[in-house]
Amino acid sequence: MRTFEVRNRHFDRLFNTPNLMWFGQNTNHFRTHPAVRRAMLDSIDAEEFHAYAPPAGLEELRTLILQDLGLADAAVLVTDGAVEALYNVCRTLSEPGSQFVTTDPGWKWPMQFAMASGATVTEIPIYGAENGYRLSAAQLKAAVTDKTRIIYLVDPNNPLGVCYTPAEIRAFTDIARKVGAYFLHDATYRHFADEHTLAARFYPERSITIYSFSKWLGLAGLRIGALVAQPDLVERLAVAPPNNLGCNVISQRAAIAGLKVKQEWLPDINRRQRRNQAEIHKAVAKVSGLKIAVYPSQANFLVVECIEAGVTPEALCEAFRGEGIMIRQGSYHTPRFGHRFVKIATTVPEAWTDALCAKLPAMVGKARGIKNPGALF
Ligand SMILES: Cc1ncc(COP(=O)(O)O)c(C=O)c1O
């Protein structure tokens, strides 16, 4: 069977597993705010979905996204999730001979998009306690050349959960400016950070901010996000986007409602997900050989190192799968470091986290006996 079929069946099986506890994709499984649910139901009742939405997004949503980011002079293109925004940027701005620079680990799909347009990819290794699991300006400076077209920074980083300071972001954007590169700032997880600095503050002319509603608002299955950049650049990206017929109208109504209740919703979500982080931290400390790489995480997940416990990430995932719990193997993010860790999301009901924590010691034991876990993606 072809790989894409195997992968699809894997996710279809997960999706159709009743009561599966999703810890594997950083999605948000807290109950939706009533105003967001109401907005979707009202949209369905009004049968708005017969029409295409405006191509760059509902004006109200575009305005609210800009307000949320605090970027006054930028333009917004609403997209089918952050991933469509990334696809458009990477495919449009990369070309044969251009270089795409990013971190390892990071999020792999934009690399694929840039390579599909002929770019060569440079991944800068950042996994390791010795450098605080973060990119340094010196590393970035050494990696870029006058061929660098895109510097792609996932910040907070998926999977590590580190978030960069204003001084670091300023240094990175200074490097980008020197070589004339676009700074693709993937801020999908910014709402979980104690403090987040937009590259667009320092380098408005060539920064592109990637925005998602999947994680903070819990709309992953509704596919809604955006890209934000200076108007001339958005004009270029709006010429031949993957979807020029407007994004899902129900999703846009949900996103508008979410931004309107964000002040009330987000602090509670963060209190709850940090509580889950703390519980996982305690449970991990009790199992010999397990360790959390970055704590607290500035995103809604934790990297749990399992290499010294003598279990492979794949075996641990397989052990948990048998209990109706999905966690993610590190190799999804990085072939180089993926054998060291699993990733566990924290925007889930407390009862799920408590169940995972209670089972953790037994699952490590069970994983030691699993020699051939099936294919994971
Ligand atoms: C770093 C990063 N960017 C983008 C996405 C995709 O976000 P969306 O669901 O908005 O397409 C993900 C999803 O996990 C991600 O981790």
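Predicted model: local features only at pLDDT ≥ 70, side-chain atom pairs only at ≥ 80, totals over all residues.
Rolling a probe the size of a water molecule over the atoms shows where empty space is left. In this model, the largest pocket holds about 1200 Å³ of space. Its lining is made up of 44 residues, and those nearest the centre are Gln25, Thr27, Lys215, Ala220 and Gly221. Helix H4 provides the largest share, with four residues. What classes of residue form the lining of the largest pocket? There are 19 nonpolar, 17 polar and eight charged residues.

The next topic is charge. Side chains of opposite charge can pair when their charged atoms come close. The structure holds 20 salt bridges. One of them joins Glu95 and Arg149, with a distance of 2.8 Å from N to O. This pair links distant parts of the chain, 54 residues apart: Glu95 is in the loop between H4 and strand S3 (99–104), and Arg149 is in strand S5 (residues 148–154). Glu95 has a relative accessibility of 37% and therefore counts as partly exposed. Arg149, with a relative accessible area of 23%, is also partly exposed.

Other salt bridges lie within a single helix. In one of them, Lys282 pairs with Glu279, and their closest N and O atoms are 3.1 Å apart. Both belong to helix H10 (residues 262–285), and because they are three residues apart, about one helical turn separates them. Lys282 is partly exposed, at a relative accessible area of 46%, and Glu279 is partly exposed at 23%.

Helix H11 (residues 313–321) contains Arg321 and Glu318, which are separated by about one helical turn because they are three residues apart. Their side chains meet in a salt bridge of 3.2 Å, N to O. Are these two residues buried, partly exposed or exposed? Arg321 has 34% relative accessibility, so it counts as partly exposed; Glu318, at 22%, is likewise partly exposed. Elsewhere, Asp174, Arg177 and Glu205 are linked in a network of salt bridges.

Finally, the surface also has a nonpolar feature. Leu41, Ile44 and Phe49 make a nonpolar surface patch of about 240 Å². Phe49 is located in the loop between helix H2 (34–45) and helix H3 (59–69). With 40% relative accessibility, Phe49 counts as partly exposed, because that class lies between the limits of 20% and 50%.

Conventions
Residues numbered from 1 in each chain as written. Heavy atoms only, no water. Patch = residues over 30% accessible without salt bridge, like charges linked within 9 Å, V, L, I, M, F, W, Y side chains within 5 Å. Areas by Shrake-Rupley, 256 points an atom, 1.4 Å probe, with all protein chains shown as cover. Salt bridge = Lys/Arg side-chain N within 4 Å of Asp/Glu carboxyl O. Helix = DSSP H or I, 4+ residues; strand = E, 2+ residues; numbered from the N terminus. Buried < 20%, exposed > 50% of the residue type's maximum accessible area, 1.4 Å probe, protein only. 1 Å grid on protein atoms, 1.4 Å probe; cavity = no way out; pocket = protein on both sides within 12 Å on 5 of 7 lines; lining within 4 Å. Points joined across faces, edges and corners; volume = space filled by probe spheres on them. Nonpolar A, V, L, I, M, F, W, Y, C, P; charged D, E, K, R; others polar.
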